[in-house]
Amino acid sequence: QEDMWDYTRTISHGKSARKVEKKRFELISSAQSALSTAKKAKGFNGNTRYRDSVVSYFRMIDIVLREDYGKILNMEEISEQSYDLMEAYMMAKALASDKLTLASEMIGKEHRLFAKENNITIIEDESELGKKMDIANLVYDHYNSVYLIFFKSYKQELYLLEAMNSNDVSAIEQNRNALLETVEEGLSNIDTITKYKGDPIMINATKELLKFYQNEAEKNVDIFLNYLDKTEKFNKIKEAFDQIKEKNRTQEDVDQFNNGVNEMNAAVTEYNAMNEKANEEREELINQWNKSSEKFTSSHVPKGK
């Protein structure tokens with residue numbers, strides 16, 4: 001249980017399952033050895049119920065480590081490709097954790113029953129490890145709920161940025177509207193999440209990011225579209241102007257060209273300033289979110305075994 005706690009705590013947040021894959025195989029080997037030993041144990045006074053429950057416990061541990069965490073390992077590699085994949089990945093981790101909790105509760109119940117039937121006094125019914133696991137589950141439940149709200153808009157913003165890099169106006173408008181929808185949904189949902197022990201650090205960091213995404217979709221995209229529009233218009237004016245021989249150009253032609261240059265330069269200057277500011281703010285807010293989430297888990301997840 002101590003080794004399982006150490007493993008699940010490690011991959012719940014911070015380290016990827018891939019980085020601690022060696023630990024999983026060590027646990028599988030350990031669980032198989034314990035299962036083999038338990039199977040050979042004789043019943044006490046002819047009663048094998050407690051022995052059988054221990055066997056069932058290690059069988060469940062073996063299944064979760066092999067199958068559930070094996071799937072989690074594969075899902076981890078593609079989890080960031082979309083919100084749906086990330087949600088499925090988080091749910092798979094939660095389901096694996098629930099199975100381990102149920103197995104632990106089952107063996108604990110049988111342990112207490114065996115003690116009662118054989119007049120054994122259990123000095124400490126709830127172990128320190130059990131307490132730590134219960135606390136950690138609550139902490140990660142909070143973390144996962146906030147993370148999914150953050151990730152949905154984070155991913156949608158990436159789609160918007162890709163459309164902007166491609167200068168695809170139709171895709172830009174589509175993804176801008178989608179981002180505004182996810183932000184509105186996120187701001188609404190995050191207000192329903194209860195602060196864990198009154199700690200608002202992750203919720204506040206997420207709100208700040210959502211507000212940035214909202215401003216980006218509402219205002220920054222307009223500046224970018226104006227830049228595209230002015231650039232396209234200037235290119236048409238320049239093409240037409242270049243086709244007129246210099247001796248045949250009128251003052252009106254020259255003024256139209258100069259006005260196009262001025263409008264495009266103004267749009268470029270506005271866009272560059274906006275883009276530089278947005279990139280700096282985005283990086284700062286993402287870093288702040290990561291620091292906040294790390295501080296939250298470090299503050300509330302019990303340390304050690």
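This is a predicted model: local features need pLDDT of at least 70, side-chain atom pairs count only at pLDDT 80 or more; totals for chains, interfaces and linings use all residues.
Local features were kept at pLDDT of at least 70 and side-chain atom pairs at pLDDT 80 or more, while totals for chains, interfaces and linings use all residues. Residues are numbered from 1 along each chain, and side-chain values use heavy atoms, with hydrogens and water left out.

Helices here are DSSP runs (H or I, at least four residues), numbered from the N terminus. Two packed helices are described by the angle between their axes and the distance between the axes. Axes are lines fitted to C-alpha atoms over the stretch in contact, and angles run from 0 to 180 degrees between N-to-C directions.

Take α2 (residues 21-40) and α3 (residues 49-78): their axes come within 9 Å and cross at roughly 160°. The pair is therefore roughly antiparallel (the word covers angles over 145 degrees). Residues in contact (heavy atoms within 4.5 Å) include Leu 27, Ile 28 and Leu 35 of α2 and Val 54, Phe 58 and Leu 65 of α3. By class, this contact has 13 nonpolar, two polar and seven charged residues; Ala, Val, Leu, Ile, Met, Phe, Trp, Tyr, Cys and Pro count as nonpolar, Asp, Glu, Lys and Arg as charged, and the others as polar.

Next come α5 (residues 128-165) and α8 (residues 251-300), packed at about 170° with axes 10 Å apart. That angle makes α5 roughly antiparallel to α8 too. Among the residues that meet are Tyr 143, Tyr 147 and Phe 150 of α5, along with Ile 286, Trp 289 and Phe 296 of α8.

Definitions and conventions. Helices (H or I, at least four residues) and strands (E, at least two) are DSSP runs, numbered from the N terminus. Angles under 35 degrees count as roughly parallel, over 145 as roughly antiparallel, 65 to 115 as roughly perpendicular and the rest as oblique.
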